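The sequence and model are shown first for reference.

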Amino acid sequence: MKKYVWPSVKLTVVFIIICSVLYPLLIAGVAKLAPGGGKGETVTVDGKIVGYANIGQKFTEDKYFWGRPSAVDYNAAGSAGSNKGATNPDYLKQVQERIDSFLMHNPSVKKAEIPAELVTASGSGLDPDLSPYGAKIQVKRIAAARKLDEAKLISLVDQQTNKPLLGLFGPAKVNVLKLNIELNKLK
Amino acid sequence: MNTELTGVVVTFLLTILLAYPLGKYIAKVFAGEKTITDFMNPFERFIYRISGINTSRGMNWKEFLTAMLAINSLWFIYAFFLLLTQGSLPLNPDGNTSMTPDLSFNTAISFLVNCNLQHYSGESGLTYLTQLFVITFLQFVSAATGIACAVALFNGLKHKTTDDLGNFWAIFVKSITRLLLPICIVIAILLAFNGSPASFDGKDTITSLQGDTVNVSRGPSAGMIAIKHLGTNGGGWFGVNSAHPLENPNYLTGMLELIAQVLIPMAMLFALGFYIKRKKLAYTIFGIMTVGMLFLVVPTIIWEMNGSSEIAKLGILQATGAMEGKEVRFGPAASGYWSIITTIISTGSVNSMHDSSMPLSGMMQMLGMLINAFYGGCGVGILNYYIYIIIAVFIGGLMVGRTPEFMGHKVEAREVKIAAMVTLLSAFLIKGGTALAAYYFVNHGDADWAVKPAAWLNNPANHGFSEMFYEFTSSNANNGSGFEGLGDNNIFWNVTTGFAMILGRFLPIIGPIAIAGMLAKKKYIPETAGTLKIDSLTFGILTFAIIIIITALSYFPPLVLGPIAEYLGM
């Protein structure tokens with residue numbers, strides 16, 4: 001047995017140095033060249049940081065595009081999904097409440113037009129995106145709140161839409177934070 | 001074609017395209033042939049010298065397993081004490097606390113055995129020190145342990161009669177220096193440039209556009225996210241794993257992480273073919289595994305894209321599929337695909353919450369783990385499949401009335417007993433554990449634990465049963481994903497799943513290597529016209545049928561009580 005113990009101890013020390021010290025330091029060093037310098041990419045308005053590009057934020061006011069419901073209220077220090085099963089009656093009640101609330105704030109939208117993403121919680125609780133449709137369905141409400149032209153808002157969503165990767169892979173999406181920042185700039 | 005589907009198809013094809021040459025390379029590395037990474041030679045010799053390792057001598061199966069178990073025991077002790085004291089150790093910018101003894105026990109085992117079940121949330125449950133010195137470290141070495149054990153099997157199959165399964169230390173070291181580390185560096189840099197944090201800065205506080213104060217967790221995550229996939233570990237830096245927008249920022253990283261987790265398990269199959277010079281055998285196994293995977297993936301993607309009929313009943317549009325627990329940037333197709341890949345491969349990382357999948361998709365995820373050999377984990381996937389092969393050889397032999405032979409060696413009672421025990425062990429751990437949990441839930445609901453049994457379940461009825469069944473399935477399969485609604489950070493779950501994980505890891509490694517070692521020592525019998533041809537389609541189909549029968553016989557009742565009953569009630 002002894003002939004296995006010492007090599008084990010020494011090999012462990014060697015690989016702690018390689019995998020837990022040198023490797024992360026190398027990646028941290030290289031990442032300094034990446035957008036955000038490896039600290040996470042931030043978004044600034046007038047020189048002030050208003051958020052992280054990839055982290056969704058809570059928007060509740062009528063004048064903003066809302067993101068998806070979040071099980072943790074967009075707490076970026078404690079991500080979580082709802083983990084509710086599809087047939088859970090309490091969960092379905094909660095979805096119903098979200099539908100009612102959405103209809104109240106968006107009286108011109110018919111129930112059958114609401115996309116599932118706006119009444120279901122995201123996996124991370126921090127989903128930064130919406131589908132283009134999920135943004136456009138909110139345009140009437142925002143146009144009324146801001147007294148802006150609807151067509152202008154529709155074209156803003158189009159302009160902010162990220163196409164699928166290389167136009168071929170995955171869904172199209174709109175980053176809600178960036179969309180709202182551009183929205184604030186509209187006159 | 002829908003861009004969500006093209007994304008999935010291309011991801012899978014790219015994986016095969018990369019796995020084939022990588023398999024060739026792996027075979028060369030372990031056969032000691034010339035490769036492009038030979039510049040590592042002096043570095044490896046340096047590691048052997050300072051560690052006092054003699055690599056010139058091979059090991060028989062008992063020596064090989066002793067070396068493997070010795071170093072693994074050491075890692076367990078090391079990890080346990082670091083987790084237990086992390087709160088008072090350095091590199092803790094967020095001021096997170098130490099783990100309780102039962103959680104340290106569970107977490108140390110979980111990462112030691114490549115399972116990565118997490119009964120804590122990364123943002124608050126670990127410090128940067130333990131993320132790197134325990135989690136990342138164990139993610140490398142547990143994957144290398146799995147690869148080394150698979151190579152021992154290869155060595156047993158390669159020679160007609162041999163005692164020598166290779167030198168554990170040398171194979172282990174090379175698995176990291178030639179395979180895991182170089183590929184991880186590439187993946188980690190790609191992740192960092194796509195937005196995964198890599199610096200040592202702690203939590204940031206910002207004011208959002210609407211004026212709320214928000215804390216944002218960060219940390220040196222990119223390197224860990226790379227090895228967690230490449231090594232089929234799966235434990236997330238953040239609580240929600242690769243659903244987190246910093247852990248998996250866009251569709252490209254989604255594809256990258258999906259490819260990374262299948263890469264080595266698939267490459268090991270091709271490596272087997274090159275290494276023992278029986279390419280047809282490798283292609284047959286690859287074909288069977290791929291068919292098995294498609295049986296699970298295709299329906300899951302369809303169900304997730306069709307959306308939830310319960311929410312449709314509320315009158316809501318299901319054009320974008322079932323979105324509860326999913327992220328817009330991946331969509332239901334890539335989420336469904338990931339949920340099966342991560343369960344057949346034993347990664348257990350998630351990009352959507354499995355607890356919120358459609359009931360039958362949840363069953364497919366469970367089946368992936370119950371079978372645990374469609375590609376399977378880093379190295380261990382092949383070992384699991386080898387057990388199925390031994391049982392198929394035995395049954396095939398019975399059917400034609402000959403003493404079963406496998407690659408020129410007689411398979412006798414001792415080998416078949418070991419194979420049967422390994423198979424039955426899973427059924428015992430999973431169903432016994434679930435039964436025990438259900439017993440406490442029903443009869444001792446107010447037991448004074450950190451989470452009372454009555455409050456374990458986040459969902460009622462059959463889905464609640466599924467949460468418990470999934471937890472033991474995942475522990476035994478060393479998968480690590482969960483129906484995360486389960487309130488699992490208490491002494492019951494920490495201890496029981498801890499034992500399920502450690503038994504579910506080491507016995508299915510010890511079993512196949514012992515069988516391989518015993519078979520390799522036997523006299524070689526040349527093939528005759530009456531020999532069962534193990535690389536034939538017939539034998540492939542026989543193995544597939546054996547897998548289906550064993551799984552169905554063992555697990556049909558709990559699957560009926562959980563996902564199937566839930567589906568029928570919809």
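Predicted model: local features only at pLDDT ≥ 70, side-chain atom pairs only at ≥ 80, totals over all residues.

Which residue forms a salt bridge with B:Asp201?

1. A:Lys39 is the partner of B:Asp201, with 3.9 Å between the closest N and O atoms. A salt bridge here is a side-chain nitrogen of Lys or Arg within 4 Å of a carboxyl oxygen of Asp or Glu.

2. Side-chain values use heavy atoms, with hydrogens and water left out, residues are numbered from 1 along each chain as its sequence is written, and chains are lettered from A and ligands numbered from 1 in the order in which they are written.

3. The extent of the interface comes next. Contact (heavy atoms within 4.5 Å) involves 98 residues from chain A and 106 residues from chain B. The buried area, that is, the accessible area (1.4 Å probe) that two parts lose on being put together, summed over both, is about 8,000 Å² between the two chains, and carbon and sulfur atoms give 66% of this. On the chain B side, B:Leu209, B:Gln210 and B:Val328 lose the most area to chain A, together 10% of what that side buries.

4. Helix α7 (residues 168-193) of chain B supplies the largest share of the side of chain B that touches chain A, 11 residues. Helices (H or I, at least four residues) and strands (E, at least two) are DSSP runs, numbered from the N terminus. The residues of that side of chain B divide into 57 nonpolar, 31 polar and 18 charged, where Ala, Val, Leu, Ile, Met, Phe, Trp, Tyr, Cys and Pro count as nonpolar, Asp, Glu, Lys and Arg as charged, and the others, Gly among them, as polar.

5. A:Gly123 lies in the loop between α2 (89-105) and β3 (129-130) of chain A. A:Gly123 is buried, with a relative accessible area of 0%; buried means under 20%, exposed over 50%, and partly exposed in between (1.4 Å probe, protein chains only). Leaving aside residues up to four places away in sequence, A:Gly123 touches residues of both chains, including A:Ala80, B:Val240, B:Lys326 and B:Glu327. A:Ala80 is 43 residues from A:Gly123 in sequence, yet their C-alpha atoms are 6.7 Å apart.

6. B:His463, in helix α16 (residues 461-476) of chain B, is buried at a relative accessible area of 4%. Its contacts, again without residues up to four places away, are A:Gly85, B:Asp355, B:Phe483 and B:Glu566.

7. Chain A has an open sheet of three strands in the order β3-β5-β4, with antiparallel pairing. The edge strands, β3 and β4 (161-162), each pair on one side only. Two strands pair if DSSP finds at least two bridges between them; two bridges join β3 to β5 (residues 173-175) of chain A. A:Asp129 stands opposite A:Asn175 in β5 of chain A.

8. A:Lys185 and A:Glu182 (3.2 Å, N to O) both lie in helix α6 (residues 176-185) of chain A, three residues apart; A:Lys185 is exposed at 53%, and A:Glu182 is partly exposed at 23%. By comparison, B:Arg178 and B:Glu44 meet at 2.6 Å, N to O, linking helix α7 to helix α2 (residues 41-51) of chain B across 134 residues. Both B:Arg178 and B:Glu44 are buried. Salt bridges that share partners join B:Asp38, B:Glu44 and B:Arg178 into one network.

9. A:Lys147, not a glycine, has a positive phi of about 55° and is exposed, at 73% relative accessibility. B:Asn114, also not a glycine, has a positive phi of about 70° and is buried, at 3%.
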